[in-house]
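The sequence and the structure are shown below.

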Amino acid sequence: MKKIVITTIVIILLGAGYYFISPFFINKIVSETLPIAENTEDTSVEVIKQGQFAGFDKIHTGSGTANVISIGGKNYIRFEEDFVVANGPDLYVGLGQNGSYIKGSELSVLKGNMGSQNYELPEGVSPEEVWIWCKAFSVPFAKAVLNNTTI
């Protein structure tokens, strides 16, 4: 009986270790095109804000371009092809303000830690910062401060 309990505990610990550690060694590359506006003839793309990702330390690294774009009246956060963030467990795309992450602002699970991807913004939301946030440990991985673009 004692061997069964020890074996069960070891299997659970190995499974938990794999879940939390393996994402650091696995890259998921995404290559999404611009979202197409449905039910509208306006397909023009306007870049409203732009920023560059930066990591927080040697483990939680990130780089690349984040844009807020408008297509057919809908706004999206778009990570461009140069986007790269250290992978980790339970990563989300969220919003921040004045250098702080806004808990509960998560837009979506991060689709991949590399490449172009789109996240629709709720109507009326104009973000100041985009964060890559690990919900499991409440740890930031990367942040992009967004600035208005000039045309």
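## A glycine within a strand

In which strand does Gly-94 lie? Gly-94 belongs to strand β7, which covers residues 91-97, in what is a predicted model. Gly-94 counts as buried because its relative accessibility is 0%, where buried means under 20%. Although Gly-94 and Ser-105 are eleven residues apart in sequence, their C-alpha atoms are 5.2 Å apart in space.

## Overall architecture

The protein chain contains one helix and 13 strands, and along the sequence these elements follow the pattern α-β-β-β-β-β-β-β-β-β-β-β-β-β. The C-alpha trace spans about 70 × 35 × 25 Å along its principal axes, and of the 151 residues in the chain, 37% are buried.

## Loop residues with positive phi

Asp-90, in the loop between β6 (84-85) and β7, has a positive phi near 60 degrees, and with a relative accessible area of 27% Asp-90 is partly exposed.

Ser-138, which is not a glycine either, has a positive phi of about 50 degrees and is placed in the loop between β11 (129-134) and β12 (139-145). The relative accessibility of Ser-138 is 40%, so this residue counts as partly exposed.

## Salt bridges

Side chains of opposite charge can pair when their charged atoms come close. Across the whole structure, three salt bridges are found. In one of them, the side chains of Lys-111 and Glu-32 meet with an N to O distance of 3.1 Å. This pair links distant parts of the chain, 79 residues apart, since Lys-111 lies in the loop between β9 (108-109) and β10 (114-120), whereas Glu-32 lies in the loop between β1 (29-31) and β2 (45-55). Lys-111 is partly exposed at a relative accessible area of 26%, and Glu-32 is also partly exposed, at 24% relative accessibility.

A salt bridge also joins the side chains of Lys-74 and Glu-120, at 3.9 Å from N to O. Here too the pair links distant parts of the chain, with Lys-74 in strand β5 (residues 74-79) and Glu-120 in strand β10, 46 residues apart. Lys-74 has a relative accessible area of 43% and is partly exposed, as is Glu-120 with 44%. In a further salt bridge, the side chains of Arg-78 and Glu-80 meet at 3.3 Å, N to O; Arg-78 is buried, with a relative accessible area of 7%, whereas Glu-80 is partly exposed, with 23%.

## The second largest pocket

The second largest pocket holds about 150 Å³ of space.

## A nonpolar surface patch

On the surface, a nonpolar patch is formed by Tyr-18, Tyr-19, Phe-20, Ile-21, Phe-25, Ile-26 and Phe-137, which together have about 790 Å² of accessible area. One of these residues, Tyr-19, is found in helix α1, which covers residues 2-21. Tyr-19 counts as partly exposed because its relative accessibility is 46%, a value that lies over the 30% required of patch members.

Conventions. Residues numbered from 1 in each chain as written. Predicted model: local features only at pLDDT ≥ 70, side-chain atom pairs only at ≥ 80, totals over all residues. Heavy atoms only, no water. Patch = residues over 30% accessible without salt bridge, like charges linked within 9 Å, V, L, I, M, F, W, Y side chains within 5 Å. Areas by Shrake-Rupley, 256 points an atom, 1.4 Å probe, with all protein chains shown as cover. Salt bridge = Lys/Arg side-chain N within 4 Å of Asp/Glu carboxyl O. Helix = DSSP H or I, 4+ residues; strand = E, 2+ residues; numbered from the N terminus. Buried < 20%, exposed > 50% of the residue type's maximum accessible area, 1.4 Å probe, protein only. 1 Å grid on protein atoms, 1.4 Å probe; cavity = no way out; pocket = protein on both sides within 12 Å on 5 of 7 lines; lining within 4 Å. Points joined across faces, edges and corners; volume = space filled by probe spheres on them.
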